[in-house]
Structure formats: C-alpha cells, structure tokens
Amino acid sequence: MLELKEIYKTFNPNSPSEKKALNGVNLTLESGDFVTIIGGNGAGKSTMLNAIAGVWPIDSGHVMIDGIDVTKLPEHKRALYLGRVFQDPMNGTAADMEIEENLALAYRRGQPRGLRWGITAKERGEYKELLKTLDLGLETRLRAKVGLLSGGQRQALTLLMATLKKPKLLLLDEHTAALDPKTAAKVLQLSDRMIAEHGLTALMVTHNMKDAIAHGNRLIMMSNGRIILDIKGEEKKKLTVEDLLQKFSVASGSEFVNDRALLG
Amino acid sequence: MNVMALMKALPGSVAQGLIWGLLAVGVYITYKVLDYADLTVDGSLCTGGAVAVMMMLAGYNPYLALVGATLAGMAAGLVTGVFHVTFGIPAILSGILTQLGLYSVNMRIMGKSNQAISVDKYDLILSLRNIPHAIFVSSIFCVIAIVVLYWFFGTELGRSIRATGNNENMSRAQGINTKTMKIVGLMISNGLVGLAGAFYAQYQGNADVNMGRGAIVIGLAAVIIGGVLFGRIFRNFAMRLVGVIFGAILYFVVITVVLQLGLETTDLKLISALIVAAFLAVPYLKGQYFIKHGKKGGKANA
C-alpha cells in the first residue's frame, strides 16, 4: 500500500543549522497495516509523515502509494490518497468556517472544485449521521464555527474529515499529544474504531510507548532519521514497555540514556 | 461649523462612499477572506479608471467600459498573485511591485497623467453633476456585487478560497490548490477595485494617474470601521459586505465633517492614516487591557 524507498531529507543544507532529518528511510506497508511509530525528539517521525504527505520535496528516494509514484506530486494532489490529522488541533480544521463547511471541504478532496454550490442538502443529512457516531453532540451544531469547539472535539472532527473520503493511507501525527489524558484516550479509541470500520492502512506517531504497544498490528521505532526497529505480528502482540526499552538500547546503543526519559 | 454647507456636502459623501465601497469590498476579500495585505489596489484603481475612460473616449459603450476596467483590474491581481505564489515574493512586496509597475502602465494607457471625460459629451453611467442619480446607480452596483459575491463564496471554489485564507495547511491536506486559490482571490479583489476605479473616474469626470494614491488605506478604513461598528450585528457574509460599504460611507461622511471643521484637503491623507491606525489600535489595546486585568476578554475562546 505504501512503499518508501531510500528517503533522504536534509534541512538547511550547508549551513550551521544543517539537520539530516531522514537518513535513508525504507518502509513497506501492506494493505490494512496499522503502524505505530515511536522515537525520541528529532528522530524523524513527523518528518517521515511529512515526506509522505509532500509538505516539501525530498532530497532523494521514492514515495509510492498503492503502486503510484507520488514523489513528484505536490501536497494538494497527494491529498487524494491521504487522510491527515495533526498534533495541533488548530491545524486540521478551518476555525472560521462552520462544522458542515469543513466536512464539505473534506468531502470534495480529490475532486475539481467548481461553481456548484459548496454543500448539498443530501450531504448535510449524511454529516448529521456521521457526527452522531462521534457522540459529542456535534450533530446539532452543524452551523457552528469550528473555532468554538474544544481541542478534543476538533481532533474528532478532523478524524472524521480525514476518513470521510476513504483514504488509501491515514497519517496520524501525534494527534492526541495536545489533549488532556481523558480526551486523548477517547480520540485514540475513535481512531481505532475508524481504522477498523473502514479497513484503513494507517501510520500513527506517538510519544507514548503504552499507546504504541496497545494500538496497531505493527510498531516501528525511529532514531536519527532511520527506522531502527520494526516489530510485527505475534511479537508485537506480546510486546511490553520493558521489552521495548531493552530493544531500543540494543538497537541504538548510547542514545538510550538520553532518550529513555522521553520514551518512558 | 457651517451646518448648511455640511448638509449640502453629505449626499456627495454618500455617493463617494458607495463607489469606494466597491473597492472596500475588494479589499475585504484579500484582507479578511484571504488574509493577504494586498497593496496592488493603489495602482489597479487607476488602471480601472484609465481603461474605462479611454474606452469611452474611443466610443465604446460605457457598460462595456466597466467590463474592460474589471478585466484590467483582474489582470493586475493576476500579476501580484504570480509574483507571490509562483516567484515566492512576500505578499506585501508583490503588491508594491505591481502597484509601482502599474504607474507606468497607467501612463501608457492614458498617454498623459490625466484624461478628462465630460458628462456633456459622453453618456456616463454616473457623475457628480447628478448626485442622487449617482447614489442610486452605485447602490444598485453595490447590491449586485454583494449578491454575486455571496453566491460565489458559497460555491465549492469560493469556499476553497475561504478555507485557504483560514488555514492553508488544512486546505492543502484537503486537496485544495492553495496557490491557485490565492491568485483567484487576488483577481476577484482587484477586478472589483478596477470596477470602482471606472465609476470613480466617471464620477469625478476624469481619470488621473494619482487617483489611487492611498486607496488601500481608504479601503482598509472601510473594512475596519465596518467590522468594528457592525461586526456584532452583521454575522452573515453578505451582511458583512454591507457593513463594509456602510464603513466606506461613514468614512467619507467623517472626512466631509472634518473638512467642514476647516482642515485642508491636503490634510486628508494624514486623517485617513490616523483613522485607520485608531480603529486598528482599539481592538488590540482592548485585548491587552483584558490580559493585564484578568478580565473575561478571552471568554469567546474558552
């Protein structure tokens, strides 16, 4: 479903602030894979997601989504294949637009946008039904500005928008990190449900080891712009935090001490 | 203050306010909808006026001249848009470059710095010779502009432009080509400004290469006055645009009053700048005050 081949990306090359963010990333996802990604700050987790989404061009390598080489496609064209939820709840929605308008924008992802009216009565009915499934009472507030919603509500709405047009790949970039623990758990649960319901292939970056273990069928760990661990199948099911710390120290050596605090 | 003279001058300010209201609606589209400070306006107003006057002098139908002026304004917006999104020039500088370049273009269009067009010889759509008629005609055009824009910004394309101004990251993630949207927004905005220039040139009976100087400030004044005074009652998009036009009318009324108080016309630019600065400062200072005193200023975001 997704294939990353030898991806390199350096920010601010040939300058004092040069940062080799991706250092030869290779990754192949099967259809239906739900992969959690962990790693310390600056390990390249979000950078990898941004490379897939096409936020900026990569230096070398290839990004293939469902057999299509999207390496040269601009961000808005790749959107056809991708559903994305960001860390900052402000990022995934248009605050000054209504809930139904945000959904209508997402509903037209990958379609040419012309002079037809931007939202139909039929859609409105569908949105109401979908919002009901979030169980946040948003179904009665279709005309409310998204800026009035809480962070958790906005993330839930962004998730709904990301999956409204079934994407080939769902990218969750620490999408619960800015939420309080209770809300974070609820949004995670919702993510699980949506991925299962639609049979989506997904990548989820998280800072929380327990979440990384509890969710998905595969776990990868990044360090210094590389994937240093890839755990799947039965091994992933039996994984514990202790195992993970142990494996991390073996795979990355001396960095363990520095990163342990962040990961634990 | 001479009250009688003021009363006599007021209808003229209303007519001017309505004409500049069209420009202000254009400024609203860039400044508020697209979140783009576009300074092209100072040049494209004159471009619209120049194209309209030259077309009418050449014997074209005045309504066709309006179309020509609108298209010329749109072309100016296109140039600014390409400077910004294709060549990566910062937003404000893109507008300044176009505005500067348009001075030469406007001189080329007119052949000299001022081209007069007499209402006696030509069939003008409006003129300051007949102010009630000018008010009537410009009101109709304001209403048409608002209706068309209300429709447009409700379409898929229009909503994508609004989303682009609101959150570019989200827009791209939803597959919106934000570069194209910015260009389209700038074209619509400057098209309206060109149209306003065509009316303004007819109103005053000439197109002048300096007619657009400071136009952006007047446009911003209208947008800001409209927002501050009517923002709480006019929530709907169309009504917000009505608020902007009211803002433009109020601006010219205030200017008229100030002139009646004995100030020179050359003082107007300073007064315009101060009005805009004051209206921009008030919401900011209010916010600062609430932060300092821990009052419920931030309640809306809770």
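Guide: Before we start, contact here means heavy atoms within 4.5 Å, and the angles run from 0 to 180 degrees between N-to-C directions. Keep in mind, too, that this is a predicted model.

Now for the sheet itself. It's open, it has 6 strands, and reading across chain A you get the order β6-β7-β8-β3-β9-β10, with mixed pairing. The edges belong to β6 (82–85) and β10 (226–232) of chain A, each of which pairs on one side only. Go from one strand to the next and the twist averages 15 degrees.

Let's zoom in on one pair. In chain A, β3 (residues 34–38) and β8 (residues 202–205) run in the parallel sense, paired over 4 bridges.

Next come the helices. Helix α1 of chain A, residues 45–53, lies across β3, β6, β7 (169–173), β8, β9 (218–223) and β10 of that chain. Its direction is at about 145 degrees to β7(A). Then there's helix α9 of chain A (residues 241–252), which also packs on the sheet and touches β3, β9 and β10 of chain A. For α9 the angle is taken against β10(A), and that comes out at about 145 degrees.

How values were computed. Residues are numbered from 1 along each chain as its sequence is written. Chains are lettered from A and ligands numbered from 1 in the order in which they are written. This is a predicted model: local features need pLDDT of at least 70, side-chain atom pairs count only at pLDDT 80 or more; totals for chains, interfaces and linings use all residues. Side-chain values use heavy atoms; hydrogens and water are left out. Two strands pair if DSSP finds at least two bridges between them. Helices (H or I, at least four residues) and strands (E, at least two) are DSSP runs, numbered from the N terminus.
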